[in-house]
Amino acid sequence: MSRRALVVAAIIVCFACPLHAADFRLGTTVTPTYQLVELKIDPEQKSYSGLTRVSLRVNEPTATFRLHAEEIEISKVRLDGPGGTIPLKFTIEKDVVTLRAPRILGPGNYSLRIDFTNEFNTRAVGLYRMEAGGRAYAFTQFEAIDARKAFPCWDEPSFKQPFQLRLTVRDVDEAVTNTPVARVRRENGWKTIEFERTEPMPTYLVAIAVGPMDSIPVEGLSIPGRIYTPHGQAHLASIAAGLVAPILADQERWFGMKYPYRKLDFIAIPEYWPGAMEHPGAVTFSDRLMLLDPVSANPNTRRRLAQVIAHELAHMWFGDLVTMQWWDDLWLNESFADWFGDKTTAKLFPQYKVELGELQNVQRVMLSDASAGADAVRKPVTSDADMLGDVGLAYNKGKSVLGMFESWLGPDVFRRGVNEYLRAHAWGNATASDLFSSLSSAAGFPVGPAMASFLDQPGIPLVEVRILDGGRVRLSQRRLANAGTTPAAQTWKIPVALRYSDGKSVATKSVLLDAASMELELVPNGRVAWVIPMADATGYYRWTVDHDALLTLANNAQRDMNAAERVAYFGNLRALLDAGLIHGDDYFRALRAFASDPEPRVVSSVLAALDDAMMAFVTDEVSDDFSTWVRGSLRPALDRIGLERREDEEDTVSILRPSLVRWLGAYGADPEVIAWCAEQTKKYMQDPASVDPSVSGTALSVTARYGGEALFDEMSAKLAAAATPGERSNYLAALGAFRAPAARAKALQLALEGKLRPNEMFVIPFGGTDSPAGRDEMYGWLTSNYETVASRMPPLYLPYLAGVGGGCEADRLAKARAFFTDPKRKVQGMEERLAETEQQVNDCVGLRAREGARVAEYLERPE
């Protein structure tokens with residue numbers, strides 16, 4: 001599953017009381033060994049029919065067994081065993097079917113048949129239908145427990161068995177699943193397509209796509225591959241098609257094994273909330289990610305596409321070939337896929353400097369990990385609510401921990417251990433302890449205790465480094481906590497990497513900090529001039545040195561720190577600000593200094609830091625001073641790279657420019673930038689190809705911010721007529737940027753009543769949440785239209801709507817708690833999300849109270 005480019009991401013949610021913990025999982029008394037699924041699918045209709053035949057193994061004598069089916073009408077159940085047909089009775093409670101035989105079933109092999117009908121889902125989960133371009137399609141999205149909404153099954157990841165799909169569809173429709181077509185039979189305008197058996201896999205990886213799709217081949221593969229698109233959009237798939245073969249070849253070399261499946265198709269879906277999903281042989285993508293116009297695709301969209309393709313292909317090994325035993329080890333899927341996908345992208349496409357961009361993302365999850373209510377990456381999952389959590393931990397924290405241990409063990413040792421793990425558990429399931437065992441075997445010493453200290457307990461360590469006499473340093477650790485909270489005492493086994501100097505030369509040293517403190521000799525009989533406590537930014541910990549040394553590092557950053565260390569420096573500095581260890585004016589001084597950095601990715605990290613800081617410090621009272629500060633701090637960076645793209649400029653410069661334009665236009669109120677954006681907008685609305693695609697979307701949004709109702713109407717018409725997903729995204733984001741009251745009212749109405757897809761409805765209201773008034777507006781829009789909004793969303797996302805109470809305003813949080821705890825709206829997982837939101841608001845309010853006056857004074861008279 002890709003990192004979600006959405007408001008929320010989670011695994012599941014349910015609306016009824018959960019099963020008791022003891023009954024939450026189906027158990028292994030009866031297990032499936034093969035499942036045939038036959039479906040008759042016409043996306044023009046509201047319902048479909050089907051049957052499933054399941055080969056079962058009864059492992060222990062029993063008269064009852066259970067499986068999953070949700071909102072499915074079961075018409076017939078039949079069990080055949082060694083003694084013939086056995087009549088069954090069944091009951092359904094929520095999503096669990098209990099089948100009862102009239103006598104004890106002895107151990108052995110049985111065959112179960114279930115006939116059923118069902119309505120297509122309309123909330124983009126299970127087997128759902130949708131329309132695009134006036135044509136109907138049916139798609140599936142099953143992770144984590146939505147296969148049970150499509151057909152009866154054993155819907156848990158530990159049940160890996162071969163599936164076979166037999167689909168009856170209209171002759172005019174294409175049908176795609178995980179495996180190649182075995183045979184086709186046509187009759188009376190219909191065709192029945194039987195697909196080959198799959199390799200063993202869990203239910204959540206089964207994929208089905210049906211509709212009038214077009215396709216193009218993926219060249220350069222050793223197995224068949226195509227990209228399927230909605231009707232008339234195959235010409236937008238060529239960029240993706242050219243990326244697949246080199247990415248796959250590079251990953252096969254690293255693993256030392258071929259891609260393990262028989263084909264590799266991709267499916268672009270217009271209404272798709274997750275972003276992308278790793279179904280073996282049939283990888284699904286949001287159309288906005290995959291379908292890029294070769295004429296207008298910019299470096300950032302190309303980078304994002306390459307990165308997500310690499311992530312999903314990494315899943316073919318991490319998650320598909322070897323699957324987590326249970327959802328408490330989701331990180332084995334997602335952390336590895338994100339870590340390895342980034343590694344692949346960085347190697348093949350160095351022009352994007354993906355490693356620096358992802359390091360910036362890691363800083364955000366590290367900030368949230370300092371919260372008092374932070375979760376562990378691995379935690380017991382004994383109910384639906386336990387599955388809901390911070391997916392950023394499974395992606396960004398998990399991959400950062402993997403990178404830290406790869407650096408500590410060495411790339412060759414780490415690779416050997418990972419490949420041993422994959423070969424030992426191929427086509428089966430695994431747990432964290434299985435991975436630890438393989439890595440320990442490769443390393444020659446136990447690795448598990450150190451890795452578990454980061455995965456099994458919440459929070460993030462703070463490593464304090466004190467320079468001592470005689471060339472020595474003292475390292476100490478404690479749990480980092482935001483100011484105003486007192487965490488429990490914790491220690492980690494931390495691979496600490498130090499870069500240091502004696503004033504003449506620079507060296508590095510790694511050590512495992514496995515106690516509360518330790519002393520270390522760095523310069524025998526000498527002097528440590530300075531030390532960077534996280535060399536190459538490879539660790540998952542925060543660090544501090546004394547105040548003067550911290551500022552000295554900033555002053556000498558370009559001389560003493562590499563680009564990765566400079567990016568991480570800002571995340572670290574913000575963590576120290578949140579913890580009350582530095583002051584807000586010092587933070588803003590450092591931001592201003594680093595805005596002149598020659599590395600575009602470092603400047604991008606400054607802008608990301610400003611995004612995070614604006615909520616706490618930019619109130620109406622200081623907004624004018626802040627705008628002046630933005631112009632003074634950021635305009636030199638824009639002048640250095642220019643408003644117009646140069647023929648030979650680096651891609652990272654092209655990626656940075658729209659961010660600088662957005663900041664200077666929207667928050668700096670720079671008149672030249674605003675005028676330039678208006679000029680680009682006029683050109684784009686006449687001919688999208690006439691404007692640099694890197695800045696077109698930003699220019700539209702900046703112009704919309706200062707535009708009125710007439711411009712809104714023009715852009716709304718352009719949205720309806722957009723020729724590509726990228727053009728549609730640009731106009732949709734611009735419609736969310738309007739601030740003129742009449743235009744804003746029309747925009748919010750369009751979000752609900754216009755011809756937007758359900759997965760687009762949040763873009764407009766969230767476009768205004770960069771101010772307290774805008775956050776109030778978003779809250780009012782959502783709560784006033786809650787039933788309508790909720791009915792269009794996948795149920796798994798509903799608890800995360802509690803985030804509209806977030807920000808830096810305590811009164812809105814109180815309203816949100818009252819609203820979302822109303823029994824009419826309270827869903828499983830809501831209380832946990834409200835607690836997270838409450839912690840975020842409290843941290844922000846506390847930060848503003850502590851440092852707001854100092855920041856305001858600094859902004860009034862910046863140095």
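**Figure 1. Glu156, a buried acidic residue without a salt bridge.** Glu156 is found in the loop between β10 (135–141) and β11 (163–170), where helices (H or I, at least four residues) and strands (E, at least two) are DSSP runs numbered from the N terminus. A polar atom of the Glu156 side chain lies 2.8 Å from the backbone nitrogen of Leu26. Not counting residues up to four places away in sequence, Glu156 touches (heavy atoms within 4.5 Å) Phe24, Arg25, Leu26, His68, Pro202, Thr203 and Trp326. Because the model is predicted, local features need pLDDT of at least 70 and side-chain atom pairs count only at pLDDT 80 or more, whereas totals for chains, interfaces and linings use all residues. Residues are numbered from 1 along each chain as its sequence is written, and side-chain values use heavy atoms, with hydrogens and water left out.

**Figure 2. An open sheet of three antiparallel strands.** The strands follow the order β3-β7-β6, two strands being paired if DSSP finds at least two bridges between them. At the edges are β3 (62–68) and β6 (89–93), each of which pairs on one side only. Neighbouring strands of this sheet are turned by 25° against each other on average, direction ignored, with axes taken as lines fitted to C-alpha atoms and angles running from 0 to 180 degrees between N-to-C directions. Strand β3 pairs with β7 (residues 96–105) in the antiparallel sense over six bridges, and the bridge partner of Arg66 in β7 is Thr98.

**Figure 3. The salt bridge between Asp95 and Arg148.** The closest N and O atoms of this pair are 2.6 Å apart. Asp95 lies in the loop between β6 and β7 and Arg148 in the loop between β10 and β11, so the pair ties together parts that are 53 residues apart in sequence. Asp95 is buried, with a relative accessible area of 4%, and Arg148 is buried as well, at 5%.

**Figure 4. The salt bridge between Glu44 and Arg170.** Here the closest N and O atoms are 3.7 Å apart. Glu44 belongs to the loop between β1 (30–41) and β2 (47–58) and Arg170 to strand β11, so the contact joins parts that are 126 residues apart in sequence. Glu44 counts as partly exposed at 42% relative accessibility, whereas Arg170 is buried, with a relative accessible area of 17%.

**Figure 5. A salt bridge between two helices, formed by Arg662 and Asp611.** The N to O distance is 3.1 Å, and the pair links distant parts of the chain, with Arg662 in helix α17 (residues 651–667) and Asp611 in helix α15 (residues 600–617), 51 residues apart. Arg662 is partly exposed, with a relative accessible area of 30%, and Asp611 is also partly exposed, at 32%.

**Figure 6. A network of salt bridges.** Glu38, Arg53, Arg166, Arg183 and Glu194 are linked in this network. A search of the whole structure finds 69 salt bridges.

Note on methods:
Buried means under 20% relative accessible area, exposed over 50%, partly exposed in between (1.4 Å probe, protein chains only). Lys and Arg count as positive and Asp and Glu as negative; His and the chain ends are not counted. A salt bridge is a side-chain nitrogen of Lys or Arg within 4 Å of a carboxyl oxygen of Asp or Glu. A polar contact is a pair of N or O atoms within 3.5 Å; within protein, one must be able to donate a hydrogen and the other to accept it, and residues adjacent in sequence count only if both atoms are side-chain atoms.
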